[in-house]
Amino acid sequence: MTIYKGILLLVCCVFLVIACEKPAEETPAQKVDPIEKGLEIYTAKKCAFCHEDQEMLASGKVKDIARPVIATDTMFVQTHLKFVEASQMPTIKLTGEELHFVSLYITSLHRMKYQTATEEVADAVCPVCAALVQKSEALEEGLSFSFGGNTYYFECAECMYVFQQAPVAFKNK
Ligand code: HEC
Ligand SMILES: [Zn+2]
């Protein structure tokens, strides 16, 4: 009799353990980083074949894809890719989802290339490309600009130049 009781107890314990187990973690697909996803598409579609080709860059056939105006104009990037037939770029078919992610990736390139401040030290954000900036560092490098009673700080001279051309377009960002 005690043996049966023992077995019964054991079975109960096993059930309890199974029932109490945590639900499975979210699937990785739900946690995907959009920028990483964009990079995957950029790589799979061989965008770098032209856009990082030194000869094509030097000849001006393609312009630097990490220039600040690209970082500020998601609409321009999306429109270009949507209506690529109307440009001199060969047509590359992208699904709506691919278009979304690859545009996010491209518009993040400038920030990723020039941002030097880490989250710990940053006390400002570039109004043009959203790069993190450390005010003291920007001041030292002459990368600050006052407009409308506010001072703006930049991670690179290109962004400061873009801002100075049309401060009103960026000052509320
Ligand atoms: C075979 C070469 C080639 C490939 C591959 C290519 N591009 Fe382009 N791309 C060009 C050229 C040339 C232009 C300039 C065309 C124009 O402005 O009319 C251009 C322009 C662009 C622009 C407009 C922005 C700018 O710099 O003026 C974007 C955005 C862009 N390409 C994104 C992509 C993406 C994303 C991919 C991959 C899915 C890609 N390209 C693949 C040749 C290429
Ligand atoms: Zn910037």
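Student: Where does valine 121 lie?

Tutor: In this predicted model, valine 121 is found in the loop between H7 and E1.

Student: Why is valine 121 called partly exposed?

Tutor: Valine 121 has 13 other C-beta atoms within 10 Å, and since a residue is buried at 20 or more and exposed at 12 or fewer, the count of 13 falls in between, so valine 121 is partly exposed. As for its place in space, valine 121 and lysine 135 are 14 residues apart in sequence, while their C-alpha atoms are 9.3 Å apart.

Student: Where does glutamine 115 lie, and what makes it count as partly exposed?

Tutor: Glutamine 115 also belongs to the loop between H7 and strand E1 (124-125). It has 17 C-beta neighbours inside 10 Å, and because that value lies between the limits of 12 and 20, glutamine 115 counts as partly exposed.

Student: Which residues is glutamine 115 in contact with, leaving aside its neighbours within four places in sequence?

Tutor: With those neighbours set aside, glutamine 115 is in contact with Ala131, Leu132 and Glu155. Moreover, the C-alpha atoms of glutamine 115 and alanine 130 are separated by 9.2 Å, although the two residues are 15 apart along the chain.

Student: What is the place of alanine 130, and what is its phi?

Tutor: Alanine 130 sits in the loop between E1 and strand E2 (132-133), and its phi is near 75°, which is a positive value in a residue other than glycine.

Student: Why does phenylalanine 145 count as partly exposed, and which strand does it lie in?

Tutor: Phenylalanine 145 lies in strand E3 (residues 144-147). It has 17 C-beta neighbours inside 10 Å, and because 17 is between 12 and 20, phenylalanine 145 counts as partly exposed. Apart from its neighbours within four places in sequence, its contacts are Tyr152, Met160, Phe163 and Gln164. Of these, methionine 160 is 15 residues from phenylalanine 145 in sequence and 7.5 Å from it in space, C-alpha to C-alpha.

Student: How do you know that the reach of helix H7 is close to what is expected?

Tutor: Helix H7 (residues 96-114) has 19 residues and spans 29 Å from its first C-alpha to its last, to be set against the 27 Å expected at 1.5 Å a residue, and the two values are close. H7 also has a kink of about 35°, centred on serine 108.

Student: Which residues are buried in H7, and what covers them?

Tutor: The buried residues of H7 include Phe101, Tyr105, Ile106, Ser108 and Leu109, and because buried is the word for 20 or more other C-beta atoms within 10 Å, each of these reaches that count. What covers the buried residues of H7 includes helix H2 (34-44), helix H5 (68-72) and helix H6 (74-82).

Student: Which residues come nearest to ligand 1, and which helices each supply at least two residues of its shell?

Tutor: Of the 21 residues around ligand 1, the nearest are Lys45, Cys47, Cys50, Ser87 and Met89. Helix H3 (48-51), H6 and H7 each supply at least two residues of the shell, which by class has 13 nonpolar, four polar and four charged residues.

Student: Which element has the lowest mean pLDDT, and which the highest?

Tutor: Helix H1 (residues 2-20) has the lowest mean pLDDT among the elements, 64, whereas helix H8 (residues 135-140) has the highest, 97. Where pLDDT is low, the predicted coordinates should not be read in detail. For the protein, the mean pLDDT is 86, with 83% of the residues at 70 or more.

Conventions
Residues numbered from 1 in each chain as written. Chains lettered and ligands numbered in written order. Predicted model: local features only at pLDDT ≥ 70, side-chain atom pairs only at ≥ 80, totals over all residues. Helix = DSSP H or I, 4+ residues; strand = E, 2+ residues; numbered from the N terminus. Expected span 1.5 Å × (residues − 1). Bend = angle between axes of the 7 residues up to and from the residue. Contact = placed C-beta atoms within 7 Å. Near = placed C-beta within 6 Å. Nonpolar A, V, L, I, M, F, W, Y, C, P; charged D, E, K, R; others polar. pLDDT = per-residue confidence, 0-100.
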